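Have the sequence and the coordinates open as you read.

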Amino acid sequence: MALTTIECKGVVKGKVAGKVLFSRKPLSFIGGVDPETGIIQDPLSDQYGQSMADKILVFPFGKGSSGAGLVLLELARVGKAPKALVNLRTNTVLLTGPLVMREFYKKEMPVVCVNEAGMEILSQAGEATVDSTAGEITLTA
Amino acid sequence: MALTTIECKGVVKGKVAGKVLFSRKPLSFIGGVDPETGIIQDPLSDQYGQSMADKILVFPFGKGSSGAGLVLLELARVGKAPKALVNLRTNTVLLTGPLVMREFYKKEMPVVCVNEAGMEILSQAGEATVDSTAGEITLTA
Amino acid sequence: MYLTDYDKSLLNGDFGEAARIGMSILTDLGETMGAEKMISISMVHDDSAWYSGLAALEFAEHLVDLGGKFCVPTSLNSCLMDLEKWQEQRFDPELYIIHKRIEKAHTSLGASASWTCAPYFAGFVPRFGEQVAWAESNATNYVNSIIGARTERYAGLLDLCAGLTGRVPYQGLHCPENRRAEVLIKLEGFKEDDFLDDAIYDMLGYVHGEIVGDRIGAMEGLPLHSKIDGLKRFSATSASSGGVGLFHLIGLTPEAQTLEMAFHGKKPKDVVIVTPERLRESEERMSNSSPKEINMVTVGCPHLSHAECESLLTAFAGRTVHSSMEFWAFTNRCNKQHMEKNGMYEALRRCGVKIYTDGCPMSSPFDRWNFTGIMSNSGKFSTYCFSYSGIKPVYGSLEDCVETAVAGTMQRSAKSWH
Amino acid sequence: MYLTDYDKSLLNGDFGEAARIGMSILTDLGETMGAEKMISISMVHDDSAWYSGLAALEFAEHLVDLGGKFCVPTSLNSCLMDLEKWQEQRFDPELYIIHKRIEKAHTSLGASASWTCAPYFAGFVPRFGEQVAWAESNATNYVNSIIGARTERYAGLLDLCAGLTGRVPYQGLHCPENRRAEVLIKLEGFKEDDFLDDAIYDMLGYVHGEIVGDRIGAMEGLPLHSKIDGLKRFSATSASSGGVGLFHLIGLTPEAQTLEMAFHGKKPKDVVIVTPERLRESEERMSNSSPKEINMVTVGCPHLSHAECESLLTAFAGRTVHSSMEFWAFTNRCNKQHMEKNGMYEALRRCGVKIYTDGCPMSSPFDRWNFTGIMSNSGKFSTYCFSYSGIKPVYGSLEDCVETAVAGTMQRSAKSWH
Ligand code: F3S
Ligand code: F3S
């Protein structure tokens, strides 16, 4: 299989590779994600019961509570954070976690945005490399 | 001297006669008028030190605190209220006293409005009869 | 005037004699003002507890005896004294006993014992555009202008009537068409730095009231980053120097997001330019006092917000009030509780600041303290205090107040607009 | 991004390491969002005290250790528990100890221990148009939409950075041009009576959030006499069903006095009609639970206002909570104090209502109570509770909640729009 490459807009810099966890639904972190395990516990999510730990987490945009940063920072502390965030649209709430963890825990969590077509391709992806600086996501499986 | 008559707009009904106390300045009741005596104690008033008890009180409009009704009702209770109010423009604050005292103490205090020319004539008046229903102020001295 | 069936049954006494009295007074008011109908209001701010003789208390107790009950949420304005620390303030015990009667009457009617003239800083606050019935000149002006709710300038007593019925005549500032600005006041010749000292908001409020009288004015030229506490003092002071129940600040208040909005697309009837010179003249009128000594400093007219208390603490910077001085700060109970919990109350106390709630600096028993000179940071206090106490207060910025208190002698910094 | 000298010295550490960390994170945010500059904000609402693991606490304590101090007034959002009655609520003492650490860290930074998600009902409130930095989704949405102040949807942690520096990137909802409505939502087929039951505001908020997602919507057709408490619940619920940080209600919110204003004179990108049928569908999604029994009723998400507490008391009409039930009501400390003073606290207690402050119904220790069925009058609670507690709550109007509590079995009245 030839490598598929998707263009993306780098938001928070960094380069990581890992398994993709794809959700078609907007995600709420506070209440929706267990901060001890990284498991999605929002019954409205299409990835209910799945863990985001060490995954490339793909979802269209955030919803609900503004506590996403608290949960992401805690996931970083306990080693259950996703490796990267890929969104249609990002926002201040979602970026808080990656920006604070870089300053406080010296950990990188790249964030990129893709378009609808990119999302569709990612919905089929197994593994990927996210390169925020180059503006590319490469599907590796 | 022939009787001078000024047209006025009746606001609160009633007919009274008495001495005129004329002020060119807007009047503040709370702080500006002693509720025990009816004496104007606002140093900015051109009638500082004068009592409004039993007078036809003429002034352009109210200013300051919204407590005018409290003071007018108290003046009615202790028998030091003015007999009538004559203004360029009246307002809700000024009308409170006359309206409540009619309901609570069964006392009438007519209120009328005049125009600038009427005010000028009243500035020279000694005594007058205010007839709110007829819409007339008659100067009697 | 058109009356609904509900209005008629109120008038008819179907909801009790107290509500009938309230409705009768309000419909009389509506008739005299030429209102076309009555409307519902959703909250009341009650300024009838301000003691100025027994008449208002007798009226309130009469309503209680008749079984009267407020049918909308109602907050209480300040009374004369701190109901807990009145002895420390040296109030007459007889006056305190009257105050307990006042409190009983108003809370029996259903008011909350909020006892503040800044209910908008104590959780009693409507939304933009909401029809309410608020009394007290600073509160009315604030809620109309800064929040954009709609109330006539209700006087004490009428607020009770509105609370008993939930209805008021649709007239005056309740009607959008009567909220249009008539006078445009343009600031000219001011520098950005002039607005760093919050005192300018009192001065501008004073000038605003002087210029507009009882018309509606719109001021242009205030910086967009003006803070709420400055606007609150603008509001209070303009309502004391003029008969102001609503003002517009272009770009700052919700009904004046543009000049066109404030004037409803029409031309101003009058345009007045305010320069630093004009401001200095007004300042002269507002604070024309040069007492030999200052022995009383008071802040919190209207009652201080949490943010203002933080500024106060910052201004003290750990220093204390001079032994020859009293420093009284007035705030609401809610903020006092916040300050007790986060240590600010104790910190201010250590600076020598006496923090009072419920009451009003103006009604302080000045004669029992032998105060000869008073400084405050309130244009409203400056305007009214003389007729209350016989003492002409000096106006000073919050920082001037603190410096004066610390030094024990009058300190007035030159302002950048001087 | 353009940085002022002040910004640069913050970044340079001239104001200490804590401020440098805050500024570094905020300028990173600004760069990533393409902001042109930083601006000053005048207050912060801090939602970083919500315990979801030790990371946020360690961050706050680190800032304290570095000597960090908030330079603008800062209020604290709810935490998990009532800090006085946590034992009655059956919280774990260990969690309480962590909360005391959290309280110490945040108040050391300079926050007021307000502990409420409705700071706008507790005296912490900006004016229309004021630039602020508020976190917590209901608070942010409220302050932007209903008051018309300007804040991005700050997340917990960023609020600390904003407090330490007083600066934020000029982007997102801080910029007037980004506050334009994109989607028009028109109500059709509703009767005036439908709006008498406050529950409709939760439903409409839920639909609003579902429709707009993370775009900005404007709803047309709400009655002009809608009260603030209804709008507050609209705000909270729409921020939970969608990523809503700002909404407009035509004729009701200050930036949407007309349709043209809400859309900045442009055409809506999208128009969606909401009928009673559409509302019923959403209600089904919001509250699709039929528990065998209800043994817990909770109100006060977001924290109850004084007016809502009055409605609660009225709804009980002297009756009491059934012995098989718990009834928990959440409010702010300021309102609790008001209610203690005017007898409402005691009256509600006699009805069997437990009044809690500081905490949040969602974080209640459900497992220690064996609750099997919960009813609340909050669309936000309905949306989040399941993932928190494993229990699907039933939505009921305030009256339904009270009737259910009194009867001891589920009571849900048919709504006029059903
Ligand atoms: S009631 Fe308040 S506004 Fe000033 S005059 Fe007294 S402190
Ligand atoms: S913080 Fe407040 S808004 Fe609801 S979820 Fe908790 S009560």
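First, some housekeeping. This is a predicted model, where local features need pLDDT of at least 70 and side-chain atom pairs count only at pLDDT 80 or more, while totals for chains, interfaces and linings use all residues. Residues are numbered from 1 along each chain as its sequence is written, chains are lettered from A and ligands numbered from 1 in the order in which they are written, and side-chain values use heavy atoms, with hydrogens and water left out.

Start with who doesn't meet whom. Chain A and chain B share no contact (heavy atoms within 4.5 Å), and their closest C-alpha atoms are 44 Å apart. Chain B and chain D don't touch either, with 23 Å between their nearest C-alpha atoms.

Now for the cysteines. How many disulfides are there over all chains? The count is one, taking a disulfide as a pair of cysteine sulfur atoms within 2.5 Å. The partners are C334(C) and C334(D), with their sulfur atoms 2.4 Å apart. C334(C) sits in helix α12 (residues 333-342) of chain C and C334(D) in helix α12 (residues 333-342) of chain D, so this pair joins two chains. (Helices are DSSP runs of H or I with at least four residues, strands are E runs of at least two, and both are numbered from the N terminus.) The link is left-handed, at -110° about the S-S bond. Both C334(C) and C334(D) are buried, meaning under 20% relative accessible area, against over 50% for exposed and in between for partly exposed (1.4 Å probe, protein chains only).

C113(B) is in no disulfide, as the nearest cysteine sulfur, that of C8(B), is 8.6 Å away; C113(B) is buried at 12% relative accessibility.

On to the ligands. Ligand 1 is surrounded by S78(C), C117(C), N138(C), G300(C), C301(C), P302(C), C360(C), P361(C), M362(C) and K380(C), counting residues with a heavy atom within 4 Å. Strand β10 (residues 296-304) of chain C gives the largest share of that shell, three residues. By class, the shell has six nonpolar, three polar and one charged residues; here Ala, Val, Leu, Ile, Met, Phe, Trp, Tyr, Cys and Pro count as nonpolar, Asp, Glu, Lys and Arg as charged, and the others, Gly among them, as polar.

Next, the largest nonpolar core, with 98 residues, where F29(A), M52(A) and F59(D) touch the most other members. A nonpolar core is a set of buried Ala, Val, Leu, Ile, Met, Phe, Trp, Tyr and Cys residues joined through side-chain atoms within 4.5 Å. Apart from it lies another core of 97 residues, among them A68(B), L63(C), W86(C) and Y154(C).

Finally, look at T357(C), in the loop between β12 (354-356) and β13 (374-376) of chain C. T357(C) is buried, at 3% relative accessible area. Not counting residues up to four places away in sequence, T357(C) touches M81(C), D82(C), T331(C), N332(C), R333(C) and K336(C).
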